[in-house]
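Trainee: Could you help me see how the words used for a protein model follow from its values?
Mentor: Gladly! Let us look at it together.

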Amino acid sequence: MGRLVVIEGLDGAGKRTFAGRLTAALRAAGASVTAMAFPRYDEDVHADLARDALYGRLGDVASSVHAMAVLFALDRRAAAPALREALAAHDVVLVDRYVTSNAAYNAARLGQDAHGEVVGWVRALEIERFGLPVPDHQILLAPPRSVAAERALSREAAEPGRARDAYESDDDLQARTDAVYRELAGLGWLSDWTVLDGSGPDGSGPDPVLGLVEQLLVTVG
């Protein structure tokens with residue numbers, strides 16, 4: 001079986017760009033890599049319902065923390081067979097957001113921290129009840145909040161039809177979610193973690209991709 005590697009972070013953290021760089025580096029090192037991203041908008045009905053709720057098109061569904069969490073979890077449950085097939089066929093499967101995003105955002109919405117009730121509830125639902133594969137490693141992209149927010153605004157302006165949803169446009173929620181993400185990483189929730197604050201490879205530090213490639217390929221092959 002391949003290694004399930006998850007990239008987490010707020011909107012504007014740079015997950016898509018980082019995933020592309022990490023994929024290229026892993027392939028250059030001889031690993032077979034494939035990728036998946038959640039939510040699977042336009043692919044899964046549960047993800048599409050969650051999107052409708054976040055844009056106010058589904059009544060009061062978005063006001064329910066647990067209803068939103070279940071929709072996002074059902075999207076991953078539906079993708080579980082394809083995820084297992086990918087793990088059987090590749091050395092590394094990179095996933096852009098996974099179970100931890102559900103835990104972090106919903107803890108933040110409820111004003112809880114990483115030890116809160118909803119974090120355990122998400123784990124029980126997605127890992128224990130739905131049987132989703134457990135990550136082998138998680139990467140938290142954690143640039144300064146101001147940097148992530150500026151990137152998110154820039155993307156909104158540059159991509160027609162990409163207005164920020166109710167979560168993305170709530171600055172207080174983003175700040176609380178960032179704090180919960182960091183706590184979960186510090187606790188080693190579900191797996192080992194690597195936390196990247198945005199330094200390097202711009203001259204301010206070593207390129208983190210190089211170290212990750214070596215670390216992730218230790219058990220491959």
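Mentor: What follows is a short talk about this predicted model.

Trainee: Why is Trp 193 called buried?
Mentor: Its relative accessibility is 14%. Buried means under 20%, so Trp 193 counts as buried.

Trainee: And which residues is Trp 193 in contact with, leaving aside its neighbours within four places in sequence?
Mentor: Among them are Glu 8, Thr 100, His 137 and Leu 184. Trp 193 itself belongs to strand S5, residues 192–196.

Trainee: What makes the side chain of Trp 193 and the backbone oxygen of Trp 189 a polar contact?
Mentor: That oxygen lies 3.1 Å from a polar atom of the Trp 193 side chain.

Trainee: Why is helix H3 called roughly antiparallel to helix H4?
Mentor: Their axes come within 10 Å and cross at roughly 175 degrees. Angles over 145 count as roughly antiparallel, so H3 and H4 get that name. By class, their contact has six nonpolar, three polar and two charged residues.

Trainee: How do you know that strand S3 is mostly covered?
Mentor: Five of its five residues are buried. Val 92, Leu 94 and Asp 96 point one way, while Val 93 and Val 95 point the other way.

Trainee: What makes S1 and S3 a pair of strands?
Mentor: Pairing needs at least two bridges, and five join S1 to S3, so they pair. These two strands run parallel. In one of the bridges, Ile 7 has Asp 96 of S3 as its partner.

Note on methods: Residues numbered from 1 in each chain as written. Predicted model: local features only at pLDDT ≥ 70, side-chain atom pairs only at ≥ 80, totals over all residues. Heavy atoms only, no water. Helix = DSSP H or I, 4+ residues; strand = E, 2+ residues; numbered from the N terminus. Buried < 20%, exposed > 50% of the residue type's maximum accessible area, 1.4 Å probe, protein only. Contact = heavy atoms within 4.5 Å. Polar contact = N/O pair within 3.5 Å; in protein donor to acceptor, adjacent residues only side chain to side chain. Axes fitted to C-alpha atoms, helices over the stretch in contact; angles between N-to-C directions. Parallel < 35°, antiparallel > 145°, perpendicular 65-115°, else oblique. Nonpolar A, V, L, I, M, F, W, Y, C, P; charged D, E, K, R; others polar.
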